[in-house]
Amino acid sequence: MLYYNITLIRRIKLLKKAYFKLTAGSLALLLAGAVYAHNHDHGHQMSEKALQASQGVFDNSDVKDRTLADWEGTWQSVYGYLLAGDLDPVIEAKVAKNPGKTFADYQTYYSNGYKTDIQWIAIENNRMDFHKKDSAASCEYSYAGYKILTYVSGKKGVRYLFTCQDKNATAPKYVQFSDHIIEPTKSIHFHIYMGNDSHEKLLEEMDNWPTYYPLSLNKDGIVDEMLHH
C-alpha cells in the first residue's frame with residue numbers, strides 16, 4: 001500500500017507539471033480515478049451474454065439505458081502510448097492472429113482511431129472535464145439515449161449519447177460512449193466520439209474513436225488489459 005501511495009503521488013505531481021495547475025476538484029477526481037483503477041478486478045468476470053455482447057453479438061431487447069456514472073473516474077488517452085511504441089506488443093499479437101494484415105496496417109488503423117489532443121478526461125456527477133496539454137474545458141451533460149449500430153461485418157455496437165447543457169461551454173457539445181457494454185455496468189475502458197454538430201452527424205464517425213483507460217494504469221498495465229481482457 002505504501003508503494004501504491006507513493007506511485008500515486010508521483011503520478012499526480014507529474015500531471016501537474018506536464019499539463020497545468022490542477023484545481024482542488026480535479027485533484028479529487030484524480031484520486032477517485034486512481035483508487036477505482038487500483039481496486040478493479042483484473043479477472044473481469046463476465047456472464048456469457050455479456051461476453052457475447054462485448055464481441056458485437058446481442059439481442060436489441062437486451063440493451064439498457066445507462067447513466068454517466070458508469071464512466072465516472074479519471075481516464076487517460078492511449079494515443080501517446082501508441083506513438084511511443086508502447087503498444088507494439090498489442091499490435092504484434094493482432095498480426096499473429098490475422099496474418100492478412102501487416103504491422104503497418106494495424107499501426108495506421110489505430111493511429112487514426114486513437115488520435116486526439118485530449119490527454120485525459122475526468123467525469124463526476126454528470127460533469128465532464130476535458131484536459132489538453134495546457135488547457136481544459138468542462139460541461140454538465142444530460143443523457144440523450146442510445147443508438148444501436150450494425151457494422152459492415154454484421155456485428156453490432158451501442159453508443160450511449162450525452163449532450164452538453166451549457167451553450168457557452170467550449171467542451172464538446174455532443175459526446176458518445178462505446179465500451180462494448182450494453183447495460184448498466186462500470187466501464188473498464190471506453191471509446192469516445194466528440195463533436196459540435198449533432199448526434200446524428202457524430203453517429204456517422206467510424207474512423208476516429210479516442211480510447212481511454214484509467215489514469216492510474218501505467219503502460220504495462222494498459223498493454224496487459226488490451227492483451228488479456
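The model is predicted, so local features need pLDDT of at least 70 and side-chain atom pairs count only at pLDDT 80 or more, while totals for chains, interfaces and linings use all residues. Residues are numbered from 1 along each chain as its sequence is written, and side-chain values use heavy atoms, with hydrogens and water left out.

Q: Why is the pair of Trp71 and Phe162 called edge-to-face?
A: Rings of Phe, Tyr and Trp (its six-membered ring) pair if their centres lie within 6.5 Å; planes under 30 degrees apart count as stacked, over 60 as edge-to-face and the rest as tilted. The centres of Trp71 and Phe162 are 5.8 Å apart and the planes stand at 80°, so this pair is edge-to-face. By this rule there are 16 aromatic pairs.

Q: What makes Trp71 and Phe162 a link between distant parts of the chain?
A: Trp71 is in the loop between α3 (48-54) and β1 (73-77), while Phe162 is in strand β5 (residues 156-164), 91 residues apart. Helices (H or I, at least four residues) and strands (E, at least two) are DSSP runs, numbered from the N terminus.

Q: Why is the pair of Tyr110 and Trp209 edge-to-face?
A: Their ring centres lie 5.9 Å apart with planes at 85°, so the pair is edge-to-face. Tyr110 belongs to helix α6 (residues 103-114) and Trp209 to the loop between α7 (199-202) and β8 (211-214).

Q: What makes Cys139 and Cys164 a disulfide?
A: A disulfide is a pair of cysteine sulfur atoms within 2.5 Å. The sulfur atoms of Cys139 and Cys164 are 2.0 Å apart, and they form a disulfide. The count by this rule is one. The link is right-handed, with 85° about the S-S bond, and joins strand β4 to strand β5.

Q: Why do Cys139 and Cys164 count as buried?
A: Buried means under 20% relative accessible area, exposed over 50%, partly exposed in between (1.4 Å probe, protein chains only). Cys139 has 1%, so Cys139 is buried; Cys164 has 10%, so Cys164 is buried too.

Q: How do you know that both faces of β5 are covered?
A: In a regular strand the side chains alternate between the two faces of the sheet. On one side of β5, Lys156, Val158, Tyr160, Phe162 and Cys164 are all buried, as are Gly157, Arg159, Leu161 and Thr163 on the other.

Q: How do you know that β4 and β5 pair?
A: Two strands pair if DSSP finds at least two bridges between them. Strand β4 (residues 136-150) and β5 share eight bridges in the antiparallel sense, and Leu149 has Gly157 as its bridge partner in β5. The two strands form a hairpin with five residues between them. Strand β6 (residues 174-178) also runs antiparallel to β5, joined by four bridges, with Phe162 opposite Val175.

Q: What makes Lys156 a charge over the ring of Phe58?
A: A charge sits over a ring if NZ of Lys or CZ of Arg is within 6 Å of the ring centre and within 35 degrees of the ring normal. The charged end of Lys156 sits 4.7 Å from the centre of the Phe58 ring. Lys101 lies over the face of Tyr109, at 5.9 Å from the ring centre.
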